[in-house]
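Keep the 3D view open as you read.

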Amino acid sequence: MAGPLLEARGIVKSYGHVEALRGADLALPPGEVVALIGDNGAGKSTLAKILSGVEPPDDGEILLDGRPMAFSSAEDARAAGIETVYQDLALCADLTPAANFFLGRELLKPGLLGRLGLLDDAAMRERARQACERLGVELKSQDAPVSTLSGGQRQGVAVARAVTWARRVVFMDEPTAALGVVQTRRVLDLIRGVRDSGVSVLLISHNMQDVKAVSDRVEVLRLGRRVARFDTAQVSMEELVGAMTGARG
Amino acid sequence: MAGPLLEARGIVKSYGHVEALRGADLALPPGEVVALIGDNGAGKSTLAKILSGVEPPDDGEILLDGRPMAFSSAEDARAAGIETVYQDLALCADLTPAANFFLGRELLKPGLLGRLGLLDDAAMRERARQACERLGVELKSQDAPVSTLSGGQRQGVAVARAVTWARRVVFMDEPTAALGVVQTRRVLDLIRGVRDSGVSVLLISHNMQDVKAVSDRVEVLRLGRRVARFDTAQVSMEELVGAMTGARG
Amino acid sequence: GGAVRVTLVQGLAGEEFYETMACGARAKAKELGVELEVQGPQKFDPTLQTPIVNSVVAAQPDALLIAPTDVKAMIAPLTQAKQRNIKIILVDTVVEDASIGLSRISTDNVKGGAAAAKALSEQIGGKGKVLVISTDPGVSTVDARIKGFEEEIKAAHPGVSSLGVQYSHNDVGEASKIVNAALAKDPDLAGVFATNLNSATGAGTALQQAGKLGQVKMVGFDAGPAQVKQLKDGVVQALIAQLPGEIGAKGVEQAFAAVKGQQVTAAIPTDATIVTRENVDTPEVRKVLYKAGC
Amino acid sequence: MSGRLLSAQVFWIGLVLVGLLAAFALLRPASFATPFNLLNLVSDAAILLLLATGMTYVIITAGIDLSVGGVLVFSAVAAALTAEATGSLLLGAAAAVLSGLGWGLLNGVLVAHGRIPALIVTLGTLGMSLGAALLLTGGVDLRAPGELNLGLGLARWLGVPHLVWICGAITAVLGFALARTRFGRHTYAIGSNAEAARRAGVRVGRHLVTVYGLAGLLAGLAGYLSLAKYGITGVSAHSTDNLQAIAAVVIGGTSLFGGVGTVAGTVIGVFIPAVLQNGFQILGVRPFWQQVVVGAVLIAAVYADQRQRARRDQ
Amino acid sequence: MSGRLLSAQVFWIGLVLVGLLAAFALLRPASFATPFNLLNLVSDAAILLLLATGMTYVIITAGIDLSVGGVLVFSAVAAALTAEATGSLLLGAAAAVLSGLGWGLLNGVLVAHGRIPALIVTLGTLGMSLGAALLLTGGVDLRAPGELNLGLGLARWLGVPHLVWICGAITAVLGFALARTRFGRHTYAIGSNAEAARRAGVRVGRHLVTVYGLAGLLAGLAGYLSLAKYGITGVSAHSTDNLQAIAAVVIGGTSLFGGVGTVAGTVIGVFIPAVLQNGFQILGVRPFWQQVVVGAVLIAAVYADQRQRARRDQ
Ligand SMILES: Nc1ncnc2c1ncn2[C@@H]1O[C@H](COP(=O)(O)OP(=O)(O)OP(=O)(O)O)[C@@H](O)[C@H]1O
Ligand SMILES: Nc1ncnc2c1ncn2[C@@H]1O[C@H](COP(=O)(O)OP(=O)(O)OP(=O)(O)O)[C@@H](O)[C@H]1O
Ligand SMILES: O[C@@H]1[C@H](O)[C@H](O)OC[C@H]1O
Ligand SMILES: [Mg+2]
Ligand SMILES: [Mg+2]
C-alpha cells in the first residue's frame with residue numbers, strides 16, 4: 001500500500017460538553033474504497049465534515065499527500081479535489097436539481113453574455129438530468145425545486161453531484177440510505193467505477209452488505225476513536241458488528 | 001384473513017403537474033406487518049402522508065374498520081390511534097428529544113400546577129430516555145436540541161415516539177435508514193413486538209432483507225399505483241425487485 | 001459652586017425654529033458664563049419628550065428651559081423636575097398647570113393667528129375655502145394661532161369658509177400628504193394656513209409639486225430657510241416670523257436670574273413680523289429669518 | 001429549551017447590560033445611578049416591555065406583529081371614549097383590553113387560517129387600527145380622564161409606580177409561562193417546525209390565534225397604561241413602537257426565524273437601548289450624536305453577545 | 001427558479017394589481033386613468049422602487065435592511081453638500097452613490113463577518129446614518145442646487161420623467177440579473193440554505209457583502225434622485241421607507257425566510273399600495289378612512305394571491 005492520499009491523525013472535536021471525536025485517526029489510500037463504520041453517534045459524520053473543511057477540528061492533523069494541511073472552508077477542500085455527500089445532503093431546497101447540481105460551478109452562456117454572468121440553464125438542466133439518470137434516479141420535473149422531491153430523489157441529486165465533480169476524493173456519508181434497490185446497486189457500481197478511475201472513496205454506511213460488497217478496507221469508529229481497521233476481504237460480518245458495538249475488537 | 005383494519009382505495013394525488021399517486025390501493029390487516037415497497041418516487045411517502053391525515057387526497061377512499069373516514073388532519077389520525085414515523089422525521093429541531101417525544105401530549109405536573117399547564121420536564125426526560133434506550137439509541141445530552149443529534153439519533157427519537165404512542169396502526173417510512181446495525185435489529189424486533197401486541201404496522205423500506213425478515217405481506221407501488229401484492233413467506237427477493245422495477249410483475 | 005448649569009429641551013430636535021432658539025440661548029449663555037446643554041426628541045411628541053426630561057432632571061441642572069410638546073402630558077415630568085428644585089422656564093409652548101414655569105416667553109400667538117387670517121383672506125380676495133394645517137392638538141402655541149385665525153375669519157371675513165384643521169404631527173411629509181389629499185378632494189381650495197414651520201414646509205412642498213402655483217394661496221407661521229425659498233418662489237404669499245433666537249436668549253437670562261435668586265418676569269411676549277415677497281430682502285426682515293445653525 | 005440553555009442564552013447579553021450600567025454609573029455616579037433616575041428609566045420602559053413580551057411570543061412562532069403601535073393607540077382611544085361616555089375607568093380599561101384582544105385575534109385568524117404572511121397582515125391592521133383610531137377622534141389626541149392620569153398614572157407602591165409593578169408582573173408571568181408551560185412549549189414547537197408540530201397534534205392554527213391575541217391584548221393594556229401615564233392617547237406617537245419592540249426581542253437573542261428565544265432576553269433587550277438613551281442624555285451628548293452612538297453601541301453589544309456565545313459553543 | 005415558476009409566482013398578484021387599476025379606472029375614468037395621473041403615480045413610486053429592488057436581493061438572502069431610509073437621507077445630504085462645495089452635480093451624484101455603497105458595505109461586513117442579525121445591524125446603521133446626516137446639516141433640510149431640481153428633477157423623455165427611466169432601467173437590469181445570472185443564483189442559494197451554499201463553494205460572506213452593498217448603493221442613488229425630485233434632502237421624511245420597501249417585497253411574493261422571490265413581484269408590490277393610495281385619494285375617501293381601507297385591501301390582495309397560488313399547487 002502506497003502512502004495514504006488523505007490521512008487524519010488524532011482529530012478532536014467537542015460541541016459544548018459533547019465530545020464527538022476524541023482523537024480519531026483515519027487513512028485513505030489512493031484509489032481505494034475505505035468504509036468508515038460505527039454505531040449511531042460514533043462521530044462518523046463529524047469526522048467527514050472536518051475532513052471536508054466544513055467544521056474546524058479542535059485538535060489533530062490532516063495530511064493530504066503526506067503534507068499537513070488546514071482546510072479553512074469547504075471551498076478549500078473542493079479546490080483540492082475533494083467532494084462530499086453530506087448526511088444531511090446540504091441541498092438548497094428552493095433551487096431546482098440542476099441548480100443544486102451546478103451550485104458554485106454554474107455553466108455560463110458562451111461569449112460575452114457568459115462573461116456577464118449569464119447562466120446557461122438549458123445546458124445545466126441537461127447535464128444534471130443525465131447524471132441523475134445514470135444513477136437510475138428519475139425526476140418527474142426538472143423545474144420543480146428540490147423541496148418537492150422524494151427522499152431518494154434528493155439523495156440521488158446529492159450523490160450525482162459529488163461523484164461528477166470529485167477529482168481526488170469523495171466522502172459519502174450514507175449515500176444510499178434513502179435509495180431504492182436499483183439505485184443503490186447503481187451507486188455501488190459507481191463507487192467502484194470512481195475508484196477505478198483513481199479517485200479515493202470514503203464510504204460511511206450502516207449496511208454491512210454494501211460495505212462488504214464495495215470497500216477495500218474498513219475503519220471502525222467507536223465513541224469518537226478509531227478502534228479497529230480491517231482488510232475487507234479478510235473480515236466477517238460478525239467481526240465488523242462486534243468491532244462497532246465493542247462486543248469484541 | 002379478517003377484513004382489513006385500514007384500507008385505501010383508488011387514492012389519487014397530484015402536485016401541480018406531477019401525479020404522485022394515480023389510484024393507489026392498500027390494505028392493512030389487523031395485527032400484521034405490511035411492507036410497502038417501491039422505487040424512489042413511486043409515491044410511498046405520499047401515500048403514508050395521506051393515510052396519516054397530513055395531506056388530503058385528491059380522490060379515493062380511506063376505510064378504517066371498514067367504515068369510510070376522512071382524516072382532515074394528522075390530529076384526527078392520531079386520535080384514531082394511528083402514529084407515523086415520517087421520512088423527513090418531522091421533529092422540531094430547536095426542541096430537546098424529550099420535548100419532541102412528548103410534543104402534543106406533554107406530561108404536566110400533578111395537581112394545581114399541572115392544571116395551569118406546568119410541564120413535568122423531569123418525568124418527560126426520563127421516559128424519553130428510556131424509550132430511546134430500548135432502541136439502543138444513546139443520547140449524550142438530554143438537554144441539547146434535536147438539531148445537534150446525529151442522523152441516527154434523530155431517527156431513533158422519531159421511531160421511539162411513534163412506537164410508544166401507537167394504539168392501532170404505525171406507519172413507518174424508512175424507519176431504519178439512518179440507524180446502525182444494532183439499532184436496526186432492535187427496531188425490527190420492536191416491530192414484531194408491536195405487531196404481537198395487536199397494532200398493525202405499515203413498513204416502508206428499501207431494504208429487502210428487512211422486509212423479508214419482518215413483514216407478513218408486501219404491497220408494491222410503482223408510478224403511483226399498486227402493481228403487486230405478495231405473501232412474504234412465498235416471495236423471493238428477485239420477485240420483489242422485479243415487481244418494483246417493472247422488470248416483471 | 002461653579003457655573004450655572006442650564007439645559008434646553010426643544011420640542012423637536014433639528015427644526016429650524018428650535019435650532020435658532022438654541023443659537024440664541026447659546027450666545028446668551030456664553031455671555032453670562034452659563035453652561036448650556038441642548039436636548040430634544042426626534043419627533044414632536046410628549047411620550048418621546050418625557051424620558052428626555054426625566055434624564056435631564058436626573059442630571060440635576062440648575063434650570064430647565066423647555067418647550068413642552070403637550071399642555072397636559074408634560075405636566076407630570078415637569079412636576080418631578082420642580083420637586084427636585086430645578087428652575088423651570090417655558091420657552092414658546094406652555095403647559096396647563098399655571099404653577100409650572102417661573103417665566104413663560106413666547107409670541108402672542110392669538111394675535112399672530114388673526115394676522116394670518118387677514119393676510120390670507122386678502123390674498124384670496126375675501127372668499128373661498130381655506131384649510132388649516134397644524135401640528136397636534138394640545139400644543140399651546142399652535143392652538144392659540146388656530147383660535148386667533150378662526151375668530152378673525154368668523155368675525156370679519158364672511159366669504160371665507162374654513163374646511164377645518166388637519167394635524168400633521170409636526171412632520172413635513174405628513175403635512176404634504178394632507179395637502180395632496182385636500183387638493184384631490186377640494187379642487188377649488190383657495191387658501192392654506194399652516195400654523196408652524198414643518199406644517200408650512202410640507203404644505204408648501206405639496207402645493208409646489210401639484211403645480212397649483214398662484215391658484216392656492218398660502219400663509220405660514222415661521223420663517224425657516226425652506227419657507228423663505230417657497231416665499232421667494234411664489235408658492236407662499238406671507239410668513240409670520242417669530243423671534244426664536246430672542247426667546248432662547250431671554251430664556252437663559254430668566255433662568256440665570258432664577259438660579260441666582262434674582263427677580264424673574266412671569267410672562268415675556270416677543271414680537272412677530274409679517275414677511276412677504278416685497279419685504280423679505282430688507283435688512284430688518286432678514287434679521288428675523290431663522291437659521292439652520294450658528 | 002432547558003433551563004441551562006436559557007440562562008446561557010441570556011447570560012452574555014445580560015452582562016453587556018450590566019457593563020453599560022456600570023459604565024454610566026462610573027461616569028455620572030451622582031445622576032445616573034440614583035433611584036430617581038433608574039426608577040424613571042424603568043417606568044419609561046415599562047409599557048414597551050409589555051409590547052415586547054407579546055412580540056417575543058409572536059416572533060418565537062416565526063411570526064411578526066407590526067400592528068402593536070396602532071392597536072395601542074386604538075385601545076387608548078377606546079378607553080378614553082368609553083371612560084368618558086360611562087364615567088367608569090374600569091369600563092375604559094375593559095374597552096382597551098378587549099379592543100386590543102380583538103385586533104390581535106383578527107391578526108391571528110388571518111395569519112393562521114388565511115395563510116397570509118404575518119408581515120402583511122399586521123401591516124394592514126396597523127393601518128386599519130391607526131386609521132380607525134384617528135376616525136374615532138377626528139385625528140386629534142384625546143385626553144385621559146383626570147382620575148386616571150393622576151391616579152394610576154402617578155400612583156406608587158413601595159416607591160415604585162403601579163405601572164411598573166403591573167408591567168413587571170405580567171412580564172414575569174408570561175416569561176415563566178413561555179419557559180415552563182405546555183402553552184410555551186407549543187409556541188417554540190410551532191416556530192421551530194410548524195408542520196412537525198401540526199403532525200404531532202399541536203393545534204397550530206388555534207395556538208397562533210391565541211398568540212397573536214395575546215400580543216394584541218398586551219398592546220391593548222399598554223394603550224390603557226400609556227393613557228394613564230401620559231394623559232393623552234398619543235395618536236401620532238407610536239409609529240416606531242413595532243420596530244422598538246422587535247429590536248428588543250432580537251437583541252435579547254430571539255431569532256426572527258422562530259423556535260428560539262426567552263422573555264428574560266427581551267427584558268434585557270428593552271433596557272439596553274433605554275439605558276443607552278438615558279445615559280447619553282445624562283452625559284449631555286447632543287441629540288444627533290446620540291442617534292449615531294446608540295446605533296453603534298447597539299451593534300457592538302449584540303456583537304459581543306454573539307461572539308461569546310459562539311465561543312462557548314465551539 | 002425556472003422561468004415558468006417565476007411567472008406563475010407573479011401572475012396572480014399581477015392580476016390583483018390589474019384588477020385594482022381597472023376598478024379605479026371604471027370608477028373615475030376622467031381623473032384616474034389619465035396619463036397625467038398615472039405618470040405622477042409612477043414617478044412618485046419610482047424612488048421607492050429602487051429601495052425595494054435592493055431589498056428584494058437582501059430579503060432573498062434571508063436578510064433584511066432597515067437602514068435604507070437613513071442611508072437615502074445621508075446620501076442626499078452628502079450629494080447636496082458636495083455639489084455645493086464643488087459646484088459639480090456629477091461629484092454630488094458620486095458622493096451620494098459612494099456613501100450609499102459605503103453604508104451598504106458596512107452592513108454587509110457586519111452581517112456576513114460579524115454574524116450579527118441583519119435586523120440589529122441595519123437598525124444600528126439606520127440610526128447612525130440618519131444621525132450623521134442630521135449632524136452634517138444641523139438637523140435641517142438642505143436644498144438641492146437649482147440646476148439639479150429643475151434639471152434632472154423635471155426633465156422628461158418621450159413624456160416620461162428621466163427619473164422614471166432611470167429607476168425603471170435599473171430595476172429591469174437587476175430583475176434580469178437576479179433571475180438569469182450566477183450572481184442571482186447564488187443569492188437564492190444563500191437564502192435557501194446558506195450552509196449548503198457555503199459547502200458548495202459559494203463565497204457566502206463575500207456575496208452577502210455585495211448584496212448589502214448593492215442595496216446601499218441603490219439607496220444612495222435613491223437619495224440623489226429624491227434630492228433632484230423634491231429639491232430637499234428630506235431629513236425627516238424617510239422614517240417609514242424601510243417598512244414600505246419590505247412590504248412591497250413581501251406583497252410581491254418574496255418570503256421573509258429567504259430563497260424565494262422575484263423583482264417583478266416587487267414591482268407589483270410597490271404599485272399595489274401606491275395605486276390604492278392614489279385611487280382612494282381620487283375617489284375622495286377621507287384620509288383616515290384611506291388608512292383603514294388601504295390596510296384592508298392590502299390584506300385582501302395578498303390573500304387572493306395566496307389562495308390562487310395554493311389552488312394551483314394542489
Ligand atoms: N452541532 C453539534 N452540537 C452538539 N453536538 C453535536 C453536534 N454535531 C454532532 N454532535 C454530537 O456528536 C456526536 C457524533 O455525531 P455524528 O453526527 O458525527 O455521529 P455519526 O457517527 O455520524 O452518527 P449516525 O450514524 O447516527 O449518523 C453525537 O452524539 C452528536 O449528538
Ligand atoms: N410537495 C410536492 N410537490 C411536488 N411534487 C411532489 C411533492 N411531494 C412529492 N412529490 C413528487 O411525488 C412523487 C412521489 O414522491 P414520494 O415522496 O411519495 O416518493 P417515495 O415513493 O416515497 O420515494 P422515496 O423512496 O424516494 O422516498 C415524486 O416524484 C415527488 O417528486
Ligand atoms: O412656535 C413654534 C414653532 O412654530 C414651531 O415650528 O412649532 C412649534 C411652535 O410652538
Ligand atoms: Mg452520521
Ligand atoms: Mg419516500
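Around ligand 3 you'll find Glu15(C), Phe17(C), Tyr18(C), Asp92(C), Thr93(C), Thr141(C), Arg145(C), Asn196(C), Leu197(C), Asp222(C) and Gln242(C), each with a heavy atom within 4 Å of the ligand. This is a predicted model, where local features need pLDDT of at least 70 and side-chain atom pairs need 80 or more, while totals for chains, interfaces and linings use all residues. Residues are numbered from 1 along each chain, chains are lettered from A and ligands numbered from 1 as written, and side-chain values use heavy atoms, without hydrogens or water.

Helix H1 (16–32) and helix H5 (140–156) of chain C each give at least two residues to this shell; helices here are DSSP runs (H or I) of at least four residues, and strands (E) of at least two, numbered from the N terminus.

Now look for polar contacts, meaning pairs of N or O atoms within 3.5 Å. A side-chain N or O atom of Glu15(C) sits 2.7 Å from an oxygen of ligand 3, and a polar side-chain atom of Gln242(C) is 3.0 Å from a ligand oxygen. On its own, ligand 3 exposes 270 Å², and the protein buries 100% of that (Shrake-Rupley areas, 1.4 Å probe).

Over to the magnesium ion (ligand 5): its protein donors are Ser45(B) (OG) and Gln87(B) (OE1), 1.9 to 2.1 Å away. Donors are N, O and S atoms within 2.8 Å of the metal (3.2 Å for Na, K and Ca), and water isn't among the atoms, so a site may look incomplete. Ser45(B) lies in helix H1 (residues 44–51) of chain B and Gln87(B) in the loop between strand E6 (82–85) and helix H3 (97–101), so the pair ties together parts 42 residues apart in sequence.

Conventions: A polar contact is a pair of N or O atoms within 3.5 Å; within protein, one must be able to donate a hydrogen and the other to accept it, and residues adjacent in sequence count only if both atoms are side-chain atoms.
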